[in-house]
Amino acid sequence: MTVEERLQDVKQKISMAERDAGRAEASVTLVAVSKTFDADAIRPVISAGQRVFGENRVQESEGKWPQLKAETPGIELHLIGPLQSNKAADAVALFDVIETIDREKIARAVATEMQKQGKTVRLYVQVNIGMEPQKAGIEPKQTVAFVNFCRDELKLEIEGLMCIPPAEDHPGPYFALLRKLADEAGVSKLSMGMSGDFETAIGFGATSVRVGSAIFGHR
């Protein structure tokens, strides 16, 4: 299959999962994860109509996305990898959505940069849903308080929650927990589900899914 065919296949699977879950058509946003792929590999996906992309690293993104965004208006770029505070200025300048706010230091740095640059970036809190030591994210039990801190203390509007379930477990219970936390925190967006489990995530209420290898192939 070509990359365009793989993109279309993923979009069809999303539509079927929406129907199976009784969800409205086009209620789920596809974030095409283009990390490690260069601009020439990304252009055919843009040409096929995809406009929302996800990247893991600020520095890598700076090497390709300013040009790609200049070529095609309407691109929406999500940071879905860990953010270091010394990269906050660059992240705010380049990205439209940051999905990995996970501690006070990062939240403060992003708030400062948005004010300094006069730019509003949409924000998600990353939850370490399986409490895995090797993964970034705030602990589930601290999530609601952290969202409230971001809102009340830093005046940040948190749009949603994001998670990556443990690879070896069935993801359903973790997706259900993230949805419960989102309800408790009063946020409406859920970024959950990747190439291997995005259809399951849609059944549990995902509003966006992050799909890389099923579109671009294996890295």
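These legends walk through close-up views of strands in a predicted model.

Local features need pLDDT of at least 70 and side-chain atom pairs count only at pLDDT 80 or more, while totals for chains, interfaces and linings use all residues. Residues are numbered from 1 along each chain as its sequence is written, and side-chain values use heavy atoms, leaving out hydrogens and water.

**View A. Strand β2 (residues 52–55) is covered on both faces.** Val52 and Gly54 sit on one side, Phe53 and Glu55 on the other, and all are buried (under 20% relative accessible area with a 1.4 Å probe, protein chains only). In a regular strand, side chains alternate between the two faces of the sheet. Strands here are DSSP E runs of at least two residues, helices H or I runs of at least four, numbered from the N terminus.

**View B. β2 has parallel partners in β1 (residues 29–33) and β3 (residues 76–79).** Two strands pair if DSSP finds at least two bridges between them. β1 and β2 share two bridges, with alanine 32 partnering phenylalanine 53 of β2. From β1, the chain crosses through helix α2 (residues 39–47) to β2 in a right-handed β-α-β crossover (clockwise from first strand over helix to second, with the strands pointing away from the viewer). Four bridges link β2 to β3, and glutamate 55 stands opposite leucine 79 in β3.

**View C. Strand β5 (residues 122–127) is largely enclosed by the rest of the structure, because five of its six residues are buried.** Valine 125 stands opposite leucine 161 in β6.

Conventions:
Buried < 20%, exposed > 50% of the residue type's maximum accessible area, 1.4 Å probe, protein only.
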